[in-house]
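I opened this notebook to record what I looked up in the structure, entry by entry. The sequence and the model come before my notes.

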Amino acid sequence: MRLSFGVMAVQRAPGGRFEWIAPAVLAAALATPSVGRAEPARVFRLPSEPIDIALVRFGIQAGVSVGGFPAAGCDGRSRPLLGVFTASSALARLLPAGCRFERLDARAFRISGASAAVRPPAPPQAPSSVEITELVVTAEKRREPLRGSPFAVTAVGGDTLERTGAGSFAEAALQIAGVTETNLGPGRNKIFIRGISDGAFTGRTQSTVGLYLDDVPITYNAPDPDLRLADIERVEVLRGPQGTLYGSGSIGGIVRLVTARPDVTGFRARMVAEGMLNAHADRSFGGEAMINVPVVKGRAAVRAVAYVDELSGYLDNPSLRLEDVNRGRRSGGRVSALADLGGGWTVQAAAVRQGIETSDSQYVQGAGRRSRDTRVREPHDNDFKLASLSFGHAGSTADVRVSGAYIDHDLETRYDATGAFDLAADRIAAVDEQQRVELLVGEAVATSAAESRLRWLAGAFVSHSREMNAAVLDATLSGGDRRSVFERHDHLTETAVFGELTYDLTHRLTATGGGRLFRTRVETRADRFGLTNAGPAIIRGEDTDSGFAPKLRLSYAVSPDIVAYAQAQDGYRAGGFNVPAQADGVPGGPDVRAFGPDRLRSYEVGGEATLLDRRLTVRVAAFRARWRDVQTDQFRDSGLPVTLNIGDGSNTGLEFEAQWRPDAHWLARVSGLLGDPELTRTEAAFPARVDIGLPGVAKASGAVDLAYRWDVARGVRVELSGQAAYVGRSFLTFDGASASAMGDYLQGRIAASLRTRSWEGQAYVANVTGARGDTFAFGNPFSRSRARQATPLPPRTFGLAIRRSF
């Protein structure tokens with residue numbers, strides 16, 4: 001029996017789009033020889049499915065004929081395939097164990113079983129071509145090759161994360177265009193993308209950036225949990241508002257940490273050990289272990305990773321006669337299981353837990369110092385737990401994924417509050433804050449599987465978060481008492497349906513339109529106001545918001561390697577309520593009982609060009625964002641937070657990324673952002689300036705990554721690399737006080753590694769110049785009015801990492 005495809009088919013047109021081709025045209029193409037010519041590369045999208053169905057899809061997408069099937073010994077399911085490949089290399093990756101193939105000519109292949117003597121010849125390559133290992137992104141809820149994607153996305157693979165020493169997203173962000181993260185401390189930071197900043201403080205506003213672990217949102221208004229990037233396949237950053245696909249809390253963009261999936265094909269294991277010594281002779285270490293075990297070979301597997309990091313301190317507290325006070329520890333792990341249920345269905349379950357314990361905060365009093373005089377130590381604990389379950393089905397018409405998750409995020413922080421509130425100036429005291437966020441989330445998404453001119457996506461989403469916040473003033477350290485400041489409980493529910501349609505208007509021009517119908521409801525209850533007798537005994541609030549978040553995109557394939565696009569899309573966040581101003585017992589500061597939702601719309605044009613025989617890839621985007629009723633978290637005079645709508649804002653900017661790989665030895669990457677974030681209208685509730693930009697984000701930033709590698713012997717590779725990142729000047733707050741200026745620094749890292757098939761050793765120097773730039777002009781809301789605060793870069797650090805794969 002011979003499978004052939006010639007009745008009706010579609011083929012890839014330039015730019016990765018599809019055009020219909022008639023049977024006669026297809027037959028002529030199959031008969032056309034191309035002996036001596038290199039195989040063309042094209043985009044393949046093939047799910048894991050029964051091999052007979054997979055070969056039909058392969059033949060249609062490759063525009064080739066496949067014969068010889070069924071073949072004895074060649075059965076089971078195909079391997080999933082997505083990326084840019086030649087037909088020969090795609091077929092080699094697609095076929096399961098037990099299958100072989102022979103290339104008959106440029107347009108025909110023959111399948112055989114493992115027992116046959118047929119072996120695939122090496123696919124011909126153009127002499128000047130460079131092999132492309134294509135990253136795949138799923139940030140738009142469908143699998144797409146990174147190259148040629150018509151939207152502003154960056155994907156950083158796991159190998160690059162290790163080479164550049166990115167153990168957390170904050171470290172990875174330095175090399176990603178347009179991404180900024182505050183530096184309050186491990187597990188305490190906020191992420192901004194494209195200069196869309198609502199302020200540097202964390203309070204009641206929902207995050208401007210959606211942070212996801214695989215398909216699960218892991219933040220609401222809590223800070224980045226600072227998960228270690230252990231056993232991570234890639235990090236994806238989708239820039240610009242993503243209200244259509246991701247809903248509330250994504251007005252700046254999306255960050256997805258994509259974990260390595262359990263591998264059902266065989267046993268895998270890996271161990272990592274790392275030791276560090278900083279310029280103050282303080283030692284620290286880290287370790288990581290991963291194991292992947294097939295439970296039923298080819299059908300089910302379990303993958304587990306565990307890790308620990310000891311974080312060295314580098315700040316002193318002369319007042320308490322302590323050195324290296326800001327030491328910390330991060331430990332955790334992740335277990336995931338994957339099973340093929342048959343009939344195209346798979347199920348995956350995962351559990352994650354991480355804890356961060358830091359013995360003190362990392363700010364100083366006065367620029368250029370590495371010490372501060374506080375009367376109380378300021379520890380912070382951050383515990384993160386997640387459980388998720390998802391079902392997926394790959395069908396001939398649609399691919400379906402249904403997922404659910406539970407997140408429990410607990411934070412405890414102590415601040416030095418000596419002399420705060422109604423205390424005497426010399427009364428030693430502390431404020432203990434506790435926050436717990438529980439999030440239940442479920443989503444169902446279906447995407448078209450057939451490659452045709454019309455493609456679609458449809459989904460439904462529901463989430464419910466429960467949050468408790470409490471603060472206690474503890475003056476027992478100097479003979480006082482403990483008093484509750486406040487306690488509040490918030491419930492937020494969001495429901496939505498969303499969808500997108502993509503249609504190839506021509507073989508070059510594609511239109512995408514979509515939208516999200518949403519409804520959010522917030523309920524707040526607050527009481528236990530122990531610092532005043534004048535305030536209410538209890539407050540309650542309820543608010544509902546609903547709307548539609550649209551999206552429109554046009555993309556044009558100028559050539560197979562050049563794609564341009566223009567798009568408009570929206571983002572939104574829900575409103576909420578504040579604790580009343582009189583609750584802190586201190587007059588002064590805005591008394592805002594409620595804050596409303598805010599909306600952001602972004603317009604952008606951009607594109608990607610792959611040039612010089614695919615050695616150089618450039619991505620560029622120009623954007624204009626308009627932000628109405630900007631929400632921001634600020635502090636009253638007492639140090640307690642207040643959330644308000646500060647006015648309207650905007651940002652106009654240009655971002656770029658380029659990667660140059662001239663040969664098998666050199667790799668160079670450069671990225672940057674030039675923007676003009678600003679307030680365009682202010683409200684009377686807060687004294688903001690419109691001429692200083694938005695807080696915590698610079699108007700200019702950039703990064704360079706350079707690597708050189710060579711094979712010194714068979715199976716032995718040496719690599720040298722270096723990175724540098726520049727962060728421009730910005731202000732901590734909307735008022736632009738001179739004491740809140742920060743940024744305008746450059747930091748760098750160099751590394752050398754030696755790698756064999758199973759071993760790798762890497763030596764590196766971080767902050768190689770010993771720069772002391774102020775990364776964040778903040779640390780304690782109860783004392784920032786009495787002394788300037790700054791957060792210096794960690795000192796120069798020398799490290800050695802050993803990695804072993806099994």
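**Entry 1: valine 255**

I began with valine 255, which I found in strand S16, bearing in mind throughout that this is a predicted model. Is valine 255 buried or exposed? Its relative accessibility came out at 0%, and because buried means under 20% relative accessible area, valine 255 counts as buried. Setting aside the neighbours within four places in sequence, I listed the residues in contact with valine 255 as Phe169, Ile193, Val209, Gly210, Leu211, Tyr212, Val235, Glu236 and Val237. I also looked up proline 217, which is 38 residues from valine 255 in sequence, while the two C-alpha atoms are 9.6 Å apart in space.

**Entry 2: the sheet with S16**

Next I asked in what order the strands of the open sheet are arranged. I read the order as S10-S15-S16-S13-S14, five strands with mixed pairing. The edge strands are S10 (153-157) and S14 (216-217), each of which pairs on one side only. I then turned to S15 (residues 232-239) and S16 (residues 253-259), which pair in the antiparallel sense over seven bridges. Within this part of the sheet I noted arginine 239 standing opposite glycine 253 of S16.

**Entry 3: threonine 208**

I placed threonine 208 in the loop between strand S12 (191-193) and strand S13 (209-213). With a relative accessible area of 2%, threonine 208 is buried, since the cut-off for that word is under 20%. Again leaving out neighbours within four places in sequence, I found threonine 208 in contact with Ile191, Phe192, Ile196, Asp198, Gly249, Ser250, Ile251, Gly252, Gly253 and Arg573. Glycine 253, one of the contacts of threonine 208, is the residue I had already noted opposite arginine 239.

**Entry 4: S17 and its partners**

I went on to strand S17 (residues 268-278), which is joined by ten bridges to strand S18 (residues 283-296), the two running antiparallel. Glutamate 274 has glycine 286 in S18 as its bridge partner. The hairpin of S17 and S18 has four residues between the strands, and there I noted that alanine 281 takes a positive phi near 65 degrees. S17 is also joined to strand S43 (residues 797-805), by nine bridges and again in the antiparallel sense. In that pairing methionine 271 stands opposite arginine 804 of S43.

**Entry 5: H2 against H3**

How do helix H2 and helix H3 pack? For H2 (residues 51-62) and H3 (residues 87-94) I took down an angle of about 165 degrees, with the axes 11 Å apart. Angles over 145 degrees count as roughly antiparallel, and H2 and H3 are therefore roughly antiparallel to each other. Their crossing is right-handed. On the H2 side the contact is made by Ala54, Leu55, Phe58 and Ala62, which meet Ala87, Ala90, Leu91 and Leu94 of H3. The residues of this contact divide into eight nonpolar, no polar and no charged. H3 is mostly covered, with six of its eight residues buried, namely Ala87, Ser88, Ser89, Ala90, Leu91 and Leu94.

**Entry 6: the whole protein**

Last, I looked up totals for the protein, which has six helices and 43 strands. Of its 806 residues, 57% are buried. Among contacts between residues at least 6 apart in sequence, 66% join residues at least 24 apart.

Note on methods
Residues numbered from 1 in each chain as written. Predicted model: local features only at pLDDT ≥ 70, side-chain atom pairs only at ≥ 80, totals over all residues. Heavy atoms only, no water. Buried < 20%, exposed > 50% of the residue type's maximum accessible area, 1.4 Å probe, protein only. Contact = heavy atoms within 4.5 Å. Axes fitted to C-alpha atoms, helices over the stretch in contact; angles between N-to-C directions. Parallel < 35°, antiparallel > 145°, perpendicular 65-115°, else oblique. Left-handed = near helix turned anticlockwise from the far one by under 90°. Nonpolar A, V, L, I, M, F, W, Y, C, P; charged D, E, K, R; others polar. Pairing = 2+ DSSP bridges.
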